[in-house]
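I'd like to walk you through one model, so let me put it up on the screen.

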Amino acid sequence: MHSTVEGRLGHGVPQRLIPAWVGTPWAWFLTRKLGTLVLSFVFLVIVTFSIVLLIPGDAARAAAGPDASLEVVEATRQTLGLNDPVWQRFLTYVGDIFSGTLGTSFRVGTVSEQIAVRAPYTLVVAGASIVITLVLAFILGVGVTVLTRNGRRTWLAQAFSWVTAVIDAVPVYVRGTLLIILFALTLGVLPAGGAQQPSSYVLPIVALAIGPVCSLSRIVRREAESALQANYIRTTEGWRLSGRVVYLKYLLPNVVTAALTLSGLMLSGMIGGALVMEQVFSWPGLGTSVVNAILTRDYPVIQGTILVLGMVAVIINILIDVALAAVDPRHLQSRSDA
């Protein structure tokens with residue numbers, strides 16, 4: 001290990017000055033993930049700045065009002081900096097990001113203030129949906145696999161495959177609408193929209209989570225079925241271990257490793273689904289803010305909100321990779337050698 005550290009950090013460095021964690025697989029793994037985070041941030045900054053250049057319409061006219069005179073519109077354009085060269089607007093945008101304001105809305109306040117008000121609504125729903133998705137998907141996938149093993153309960157296997165495929169195929173806005181019709185309008189047990197009370201969170205979370213639960217549970221089931229056919233599972237059964245030990249100690253870790261590899265993109269996609277869901281439930285989150293900003297051509301709000309959501313998605317994927325490395329050290333080792 002000492003020679004490896006010396007080779008990477010250079011000769012002549014006293015070993016007592018090098019922290020023990022330097023040169024370990026976890027150190028290099030986390031260093032690469034930090035590099036991924038930085039590169040993703042740079043990419044998102046460029047994309048979010050460039051995307052507003054493609055939005056049709058006149059932001060100055062939208063900010064000044066439809067009845068404003070040409071003189072007022074031109075003065076508004078000058079005030080908003082829309083007449084500045086593109087490179088100067090980009091530098092201003094980057095400066096606003098590092099100042100923490102993310103720019104100033106064309107209508108009211110800074111972008112960071114608006115995001116701070118609306119982000120908790122989106123993040124609570126998306127975060128709860130992600131946790132529910134991971135927990136229920138593993139319970140359903142592994143549970144159905146165990147119950148239908150060796151050709152038992154074929155009706156359950158067929159029903160599981162059919163029901164999860166149908167639900168997963170329904171778009172999130174359709175699922176949300178059906179839930180409103182059933183639980184809000186027909187049964188009257190839950191609110192149809194808004195966020196005025198704790199029960200208002202139930203339908204948005206269910207609408208957002210139920211599709212990914214079905215999709216991920218099918219993945220977990222396939223991985224569990226493959227793992228049960230592996231030699232190491234057959235060996236553990238030959239040791240006459242109890243089913244609980246076999247499933248929890250030997251089966252589940254391998255299923256978690258395989259499923260987490262595929263779930264990163266799925267969970268990041270739930271952030272986008274949350275934006276659609278907000279329109280169905282009149283949810284006061286970031287999705288509603290983005291839609292309103294697009295309609296009013298409030299460029300700073302569009303840029304700042306998409307930047308924040310993009311970084312949230314990147315962080316989710318990095319956390320999935322870290323969890324995957326923690327569950328399976330072999331995966332960590334393979335990545336450290338890459």
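Let's start with a question: which residues in helix 2 are buried? They are A27, F29, K33, S40, L44, V45, T48 and F49. Buried here means under 20% relative accessible area, exposed means over 50%, and partly exposed is in between, with a 1.4 Å probe and protein chains only.

Before going on, some housekeeping. This is a predicted model, where local features need pLDDT of at least 70, side-chain atom pairs count only at pLDDT 80 or more, and totals for chains, interfaces and linings use all residues. Residues are numbered from 1 along each chain as its sequence is written, and side-chain values use heavy atoms, with hydrogens and water left out.

So, the overall picture. The protein chain has 14 helices and 0 strands; those are DSSP runs numbered from the N terminus, H or I of at least four residues for helices, E of at least two for strands. Of the 338 residues in the protein chain, 41% are buried. Contact means heavy atoms within 4.5 Å, and if you take contacts between residues at least 6 apart in sequence, 71% of them join residues at least 24 apart. The protein chain exposes about 18,000 Å², with carbon and sulfur atoms supplying 67% of that; the areas come from the Shrake-Rupley method with a 1.4 Å probe, and for residues only the protein chains shown count as cover.

Back to helix 2. Its 27 residues should span 39 Å at 1.5 Å a residue, and the end C-alpha atoms are 38 Å apart, which agrees. That expected span is 1.5 Å times one less than the number of residues. Helix 5, residues 86-99, has 14 residues and reaches 20 Å from first C-alpha to last, close to the 20 Å expected. Just after helix 5, G100 takes a positive phi of about 90°.

Now the rings. Phe, Tyr and Trp rings (the six-membered one for Trp) pair if their centres lie within 6.5 Å; planes under 30 degrees apart are stacked, over 60 edge-to-face, and the rest tilted. That rule gives 5 aromatic pairs. One of them is F49 with Y93, which is stacked, at 6.0 Å centre to centre and 25° between the planes. F49 sits in helix 2 and Y93 in helix 5, so this pair ties together parts that are 44 residues apart in sequence. Both F49 and Y93 are buried.

Then there's Y121 with W283: the centres are 6.2 Å apart and the planes at 85°, so that pair is edge-to-face. Y121 is in helix 6 and W283 in the loop between helix 11 and helix 12, 162 residues apart. How accessible is W283? It's at 0% relative accessibility, so W283 counts as buried, while Y121, at 27%, counts as partly exposed.

Ring pairs also link F49, F90 and Y93 into a cluster. And look at Q303, over in helix 13. At 8% relative accessibility, Q303 counts as buried. Leaving aside neighbours within four places in sequence, Q303 is in contact with T48, F49, V52 and Y93.

Last stop, helix 6 again, where you'll find I132. I132 is partly exposed, with a relative accessible area of 34%.
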